[in-house]
Amino acid sequence: MKKRIFSGAQPTGQLHIGNYLGALKNWVALQEEYESFYCIVNLHAITLPQDPKVLRQKTLDLASIYLAAGIDPEKSTIFIQSDVPEHAELTWVLSCIARMGELARMTQFKDKSPRSLNKRLIRARASLDAEAIRIAENEAFLDFGNAGVGLFTYPILMAADILLYQTDLVPVGQDQKQHLELTRDLAERFNRDFGETFVVPEPFIPPVGANILSLQDPSKKMSKSDENANGAIFLLDDADTITKKFKKAVTDSGTEINFEPDRPAIRNLLTIYQLLTGKSADECVAHFDGKGYGQFKTELAETTVEFLRPFQERVKDYDDASLKSILKAGAEKARSIAQNTLQQVYEKTGISGPAL
Ligand code: TYM
């Protein structure tokens, strides 16, 4: 039997080249070898305030992005998280074995702490960018006491996503590693307390590209919700925007173009170039030997524009009706597996069983 993969992305903001290089690219490659489930995690999206109309549209848009990136619905199951209610049901059961302490240690949650949020808000206001200010204000609202409980329990829903499908492998970027560790802990704890039930999943974090950094601040990851849109190359950015963003990208002191760890900005740009061209690290360094930052950025922009062009053309190909039909078939397939796992969980915990 083929081993199984599960992964997902949130239908919020715009997907960027970091999402593609850290996750989607690997989903596409791995679907050949694994039985794959790729989910649009709309229940995760509402841990921060969303406009309902926009969320619905972005949910469908994300399906077309999955397809355009190369996920083949004949090989992989693509579905919307909320179409399989077992995700929310298993979340509840796992919430009853998860510990406050282990959730409080999650760095993604800690990143939303009042101090870092206030810093973001100050930066956003200084940028005068209305959208960035809106995002920062939304987030700043969520100091610990006012934070939505969903933001805190978010990783439990993620664990439920993965464990429902008896997943062997979870291809994600570096920022999800800690959530994967929690998922493994919850699976092991449940198996220990109630008997062997869940496969304990392994993360798949690519050796190159798992942490693409902001073009404006290489101490931070590239992010959908960055207050500075120049920090991210979005998959649907046009050629002009891409060129401008790379031109504005910060660089390190010095002139060499190499992968030295103490030169994070150039290393990051070169990593993007390496992954988009498929060249080896040595070939990339040799290619830019003796060339300046200006030439490097121009070539990187051209490579990115050419890489994204066919993807951007394919995205337009899908109409809502065909997307909905793919998602419906995906949900049916996913649900048959999820129901089976949840049934086992309910029997083992005494929620259902012979006497009831
Ligand atoms: P999300 O929507 O934030 O991101 C989707 C995927 O993109 C990866 N990623 C990156 N990779 C490299 N460099 C970056 N700068 C970068 N930014 C994001 C993420 O690691 C992720 O793989 N919690 C998840 C969604 C989720 C999920 C799951 C994933 C929900 N349930 C179950 C796997 C399995 C998230 O918010 O991803």
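Let us begin with Y38, which is buried, its relative accessible area being 0%. Buried here means under 20% relative accessible area, whereas exposed means over 50% and partly exposed lies in between, with a 1.4 Å probe and protein chains only. Please note that this is a predicted model, in which local features need pLDDT of at least 70, side-chain atom pairs count only at pLDDT 80 or more, and totals for chains, interfaces and linings use all residues. Residues are numbered from 1 along each chain as its sequence is written, and side-chain values use heavy atoms, with hydrogens and water left out.

Y38 belongs to strand β2, residues 35-40. Strands (E, at least two residues) and helices (H or I, at least four) are DSSP runs, numbered from the N terminus. Which residues does Y38 touch, not counting those up to four places away in sequence? They are I5, S7, W27, L30, Q31, Y66, I71, S76, T77, I78 and F79; a contact requires heavy atoms within 4.5 Å. For I5, which lies 33 residues from Y38 along the chain, the C-alpha atoms of the two are separated by 8.2 Å.

I turn now to E299, in helix α14, residues 293-315. Is E299 buried or exposed? With 19% relative accessibility, E299 counts as buried. Beyond its neighbours within four places in sequence, E299 is in contact with Y273, H287, F288 and K291.

Next, the protein as a whole. It has 15 helices and five strands. Its radius of gyration is 21 Å, close to the 21 Å that the globule rule gives for 356 residues, so the protein is as compact as a globular protein of that length. That radius is taken over C-alpha atoms, and the rule is 2.2 Å times the number of residues to the power 0.38. Along the principal axes, the C-alpha trace spans about 75 × 45 × 40 Å. Of the 356 residues, 49% are buried. Among contacts with a separation of 6 or more, 75% join residues 24 or more positions apart.

Finally, the second largest pocket holds about 260 Å³ of space. Lining it are 15 residues, of which V208, G209, N211, R267 and T271 are the closest to its centre. A pocket is an open set of points on a 1 Å grid over the protein atoms alone, where a 1.4 Å probe fits, with protein on both sides within 12 Å along at least five of seven lines; lining residues have an atom within 4 Å of a point. Helix α12, residues 264-277, gives the largest share of this lining, five residues.

Notes
Points joined across faces, edges and corners; volume = space filled by probe spheres on them.
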